[in-house]
Structures are given as C-alpha cells and as structure tokens.
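Here is a short briefing on one structure. Look at the model first, then read the points by topic.

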Amino acid sequence: MALLEVNNLRTSFFTDAGEVKAVNGISFSLDHGKVLGIVGESGSGKSVTAYSILQILASTAKINPESSIKFDGQELVGSGEKVMRKIRGNKISIIFQDPMTSLNPTYTIGHQLMEAIMLHTPRNKQQARERALEMLRLVNINEPEKRMKQYPFEFSGGMRQRIVIAMALACEPDILIADEPTTALDVTIQAQILELMNSLQKELGMAIIMITHDLGVVAQMCDEVIVMYAGSICEQGTAEEIFYNPKHEYTKGLMRSIPTTSTLGTKLQPITGTPIDLLNMPEGCPFAPRCDAAMKACIYKHPENVLINNDHAASCWMNIKEGIEDGSITRLDGTDIAEGGNDNE
Amino acid sequence: MNDEIIKTPQDNSEAPLVEVKNLKQYFNINTGLFKSKPLKAVDGISFTIGEGETLGLVGESGCGKTTVGRTLLHLYKPTAGEVYYRGNKIVTPHDIKEFRKHATMVFQDPYSSLNPRMTVADIIGEPLDIHNMYESKAERQEKILELMDHVGLNSEHASRYAHEFSGGQRQRIGIARALAINPDFIVCDEPVSALDVSIQAQIINMFDELQEKIGLSYLFIAHDLLVVRHISNRIAVMYLGKMVELADATEIYDHPLHPYSRALISAVPVPDPNIAKANQRIALGGDIPSPLNAPSGCPFRTRCPYATEQCAAEMPEFKEVYKGHFVACHNLDKVN
C-alpha cells in the first residue's frame, strides 16, 4: 500500500467573483522513501494540493467531500481537526518558501524547536532540548548551544531554512512537504539546502513532496514528477520519462522554454499566450487555448488520463489520437481505450 | 590619405558605448546614535559595453549588481568613479539628462515599477513628456501605440490600468516605457526573474529581437545563470561589491577560473536528470558575509577552499589572464 494516496482531489476557493477551482480532480500516490516533484507555474494549484493534504487552507477554501486523501490507509478528508493535529508536524511536515515568515521573530529558535518536539513527542524539556541540539547538528548549524538562544533575525536566509528543516524533521515525519524550499535563496545556498535534503532523505528515509517551478531542482532531486497546469495534472511519471519522453504539449513547451546548452545561439520557443483565468475554466483541456497542436476535441472535452507506459501517464488528446491509431496506449485501469467512452469525435 | 581626425568630446566614435571606470557606491548606514559606517555596495568596478552587445552581470543577492545598474544610470550619485557614454564623461545634471535620453532601465518587479494610478498610455508616454519628444498630442498617441505594438500589446490596452494585466504583460509595458526614448542602452535589472518559465521565454525572445532590430545594448542583471548565458555576449561575476571574473559567455561557463565562479556555475540546477544527478557540485561552506563587515583583502576568502594569508592581506588585482578573460584571484595556479 502506498504511503499517501490522493484520489480525485478537488479544492475550490469560494470568492465574491465565483468559484475558483484551484485543484480540479487530481490523483496520485506516494511510496515510502520516494521524492515526488510537483511542478507548474504560479496558479497551477501545486501549493493548494500540499495545503489540502495537511488541511491548512484559507477559510474560503473547501475540499470537495468526495475527494479522498489516504495517509497510511487513514482517510484524511473530513476527518476533523483533532485527527489532523496529530498528523501535522508529526506524520506529515511542511516547509515553506520564505523561512523568515515561518519562524516566529519573538521567540528564540531553541524555544520554537523545543515547542514542536514537546507537542508531538512524549519528551520532557531536557530531552526536547537534546533532540533540538541533535537536529541542529544534523542540518550543519555550528555551535548549536549558542544558536539555540538566538532569534531568527540573527540568522541568514540559508541558515533559517536549515532551522525550518530541522524543525520539520524533529518528529521524524513519514512525509516532508517542501513548498518551494529554495526559491528565496541564492544559487550556492540553494545547492547547500538541496544537498542537505538529499542526504537527510537517504539517512532518515522519509518521503518528500517537492513543490517547485524550477525544472532544474526537480531534475536534481526527484524520482517521480507531476506536471500541473490550471489545477489539473497534465502528466506524471518517473523523472526520466518526464524529462526525456514528455508526452503532453505543455510539458514539451516548458522544456523548450528553458535556456540550455543546446539553445545557445538560437531562439527559445516559448509557450504563447498567458495562463488561463481559473474563474473561467474552459470545458475542454485547460491548456488548449495556448497549445499549438490543439484539435477540435481539445476544446470540447477534457482529455482522459492514459498510460503511456508503466512509468508514465499523460492527459493529452494527441496521445489518445495516436494511441487509438496504433493501439499502443491503455487506460489507467487497463481497459482498451478504443472500447467505449471514446466519444471524442 | 591618413587624415588624422582630432577627437572632440562630441565625436568619439571609437569609444565604447558605455564605459565604467572604478565605480564606487557607498551607502552610509547608521550603526548607533552618532555612528555610521559605509556599506560598500559597489567597490571599484570597471567594464565596457560595446554597441549591440549584452553584458550579463551575475552574483548572489547583496553582491551589489543592482546598485551597479542604478549607479551607472546615476539614479544614485556615484561615490567615486567615472561613467562615459560614447566617450563623454557624465558629470553635470545636464550630462545626466542627456545620457538618460539614450540609456534607460527595465525593473525587476513588474508590480511595483508601474504606477497603479496611471493608464498604460500615460506610463509609456511619460518619458516622451519628460524629454519633449513629440510636437502634437496626436503624435504622442501615435508613438505610444507604435511602442505597444512593438512589445506585443493590443492598442485597446492603452486606456487600461496596470493591475488589469498579468506579470508578463506588465513587463511588456515596462519595456515599452523603456523603448519610448529610443534608447541605445538599457539596464535590465532581473527583468524575467518574477515571471513564470513559459512567460520568461517570451520576454527573453523579445529582448533578443529588439537587439537585432534596433541594435540595442544591454546590461543584463540576473541571478539565473542559464538565462544570462543565453542572452549575453560576455558575463561578469560579482561578489560582495567586487567584480571577480569577466569573460566571454561560453568561455566563463565552460572554463570558469575564479573559485567563486566555479562554485556558482556548478550549483546551477540543470534541467536534465542524468546530468543533474551525476553533476559534481562544488559545495561552498558558510554564507555570504554582510557587506557591512566585508572581509579584508579578497572578499571571497572566508568561503574559498584555496584561501591563503595573502588573500587576507590584499585584494587580488583584476587582470587579464587570457585575451578578454579577466580574473581577480591570487591562487589561480592552485585553483586550476
């Protein structure tokens, strides 16, 4: 059984202007000790996915009660605050983009670390202190005894992010959600933090959900990748499959947009247009208005998610069209795509 | 005939478009009631930018790259050093105004760099007003629409306000404003870092096309090395207010000499899993020191694995080691 199973997750924000379907029916699973990357542009719903798992959404947001999020077999949707408080920080931890805003400026970092440890584990003050020191050493903070007595403003951005990581890992969670953990940091500091997360992941064996917009970070860190656009998953699969064999026009467009060695001296090929307005979602594929390969079917009907191979699924009519023609693709449940439900003509 | 042309300050056709000599910018920071201390944001930087050339300026936050751009345009009064435009030194307020008819800036944040109370037409038209660049209202309007067309904005957007646009479109408005004066030099201060990847590529291409079409020169300030390498002819690397390396874009990317440039380039996440996972990153210990308490000598010595006593004693000279490849390091033989 997978550690985390998300099934048909729908999260909407109810605003004065109408319902914003931030996450619109996504499903994925995460196994023990795996690193899953969720990539997408701003507004694609990647952070809302993470917040939905932990149920730390704004009060205007609602998770559709038919959605299912199973952690270790336990259903989290509709489970109530009491259950969630036991999960948060203890079983599933999160680190945020900006390390300054996730630390309380009025308490020492020792206080904040120990608070989290004592809340979630049956340790007394002395034991919690020892655990906090141990965690600071683990994330390579020098002189942890002295550092425990200091306030967040006395640390640099990279060190703050280390402390946040130490705090998130102090209770040995099964899953660490990292929401753009290095976006606010400089390249060399980013490299330090990614390296640290990598080695901690190997040492402690937790699973990581890495949310980022940087495909470079994904390539370096992740075993599996989910590409999101406008609240839906376009494509998911192993990192190798997504990077070397992208099957969704959006993923292909993203790859072409990044300057690399092979684009030197040539023009980049950007995706045209701008991201869609989540208030006015089209009926068909949300990417169709920007897609160069869009067909009639794309505008009228949302494409089904189909398996490209065992490690790779994508929801793009192009693949379905090709797959029907050569019979090479199957539905996720293994049935033949050409039989039934094939009303895209 | 070998007619010797006597170069007057007005006619200096051989001079580079923009030249910066030993530019310094110190900010006084209050450290106590009656105490203040200079923060050396930019500390003695020299470079040239030729016509139609793009110089990329990279470095981490706080290294002074934005200050270089702003001081160059005299948005800040330089503490010391000289700026030349086509061989003419910029000194008086009149020089500055003349210079700004040819040189301008695109800012990082497309949200805070546009006045929310002005329409797009007024934002783009403001430089035209300042420099009296039209004869009649109709001409102004015509120029504005032409500029909007240039950057891919529809004419019906002219009467809208900035908040009605997405980040990418706002950046287009900012670029149209910069183009209004018909510049030949633009300081681009992280113009794409606030944008999504797919939009980023659109804007980068636009900078490329404008350069081809009207021969613009750019000082392209960014922290994303992949973007900088794509757009620049030459790249300069800064660390704590000092320039540590300057060379051809591909040269510096393939054969960086300074230990900091090497670490920086090796830290860039490559969007290719096989390369990224096999990549040997040069790990730098520690953090960037505060520019208020910059280390003596070479600013990088506190994080440099090759640092010696000499590095603490004196700042290495910024010298040309190969043709067009400048480095400031005492221990080049050890590093390479």
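**Two helices in chain A**

Helix α3 (residues 109-120) of chain A packs against helix α4 (residues 125-138) of chain A at an angle of about 115°, with their axes 9 Å apart. Axes are lines fitted to C-alpha atoms, for helices over the stretch in contact, and angles run from 0 to 180 degrees between N-to-C directions. This is a predicted model: local features need pLDDT of at least 70, side-chain atom pairs count only at pLDDT 80 or more, and totals for chains, interfaces and linings use all residues. Residues are numbered from 1 along each chain as its sequence is written, while chains are lettered from A and ligands numbered from 1 in the order in which they are written.

- α3(A) passes α4(A) in a right-handed crossing (the near helix is turned clockwise from the far one by less than a right angle).
- α3(A) contributes G110(A), L113(A), M114(A), I117(A) and M118(A) to the contact, and α4(A) contributes A128(A), R129(A), R131(A), A132(A) and M135(A).
- Contact here requires C-beta atoms, placed from the backbone, to lie within 7 Å.
- By class, this contact of α3(A) with α4(A) has seven nonpolar, one polar and two charged residues.
- Ala, Val, Leu, Ile, Met, Phe, Trp, Tyr, Cys and Pro count as nonpolar, Asp, Glu, Lys and Arg as charged, and the others, Gly among them, as polar.
- Helices (H or I, at least four residues) and strands (E, at least two) are DSSP runs, numbered from the N terminus.

**Where the chains meet**

- The contact takes 36 residues from chain A and 34 residues from chain B.
- On chain B, the elements giving two or more residues to the side that touches chain A are α5 (167-179), α6 (197-214), α7 (225-231), α9 (259-266) and α10 (273-278).
- α6(B) gives the largest share of that side, eight residues.
- By class, the side of chain B that touches chain A has 16 nonpolar, 10 polar and eight charged residues.

**Helix α6 of chain B**

- α6(B) has 18 residues and reaches 26 Å from its first C-alpha to its last.
- That is close to the 26 Å expected at 1.5 Å a residue (1.5 Å times one less than the number of residues).
- Its buried residues include V197(B), I199(B), I203(B) and F207(B).
- A residue is buried if 20 or more other C-beta atoms lie within 10 Å of its own, exposed if 12 or fewer, and partly exposed in between, with C-beta atoms placed from the backbone.
- The buried residues of α6(B) pack against α10 (249-257) of chain A, together with α5, β7 (185-189), β8 (217-221) and α7 of chain B.
- Just after α6(B), G215(B) takes a positive phi of about 65°.

**The sheet of chain B**

- Eight strands form an open sheet in the order β6-β7-β8-β3-β9-β10-β12-β11 (chain B), with mixed pairing.
- Strands pair if DSSP finds at least two bridges between them.
- β6 (103-106) and β11 (319-322) of chain B are the edge strands, each pairing on one side only.
- The twist averages 25° from one strand to the next.
- β6(B) and β7(B) pair in the parallel sense over four bridges, and M105(B) stands opposite V187(B) in β7(B).
- α5(B) lies across β6 and β7 of chain B, running at about 175° to β6(B).

**Strand β8 of chain B**

- Five of the five residues of β8(B) are buried, so the strand is largely enclosed by the rest of the structure.
- S217(B), L219(B) and I221(B) point one way from β8(B), and Y218(B) and F220(B) the other way.
- β7(B) runs parallel to β8(B), joined by five bridges.

Methods:
Contact = placed C-beta atoms within 7 Å.
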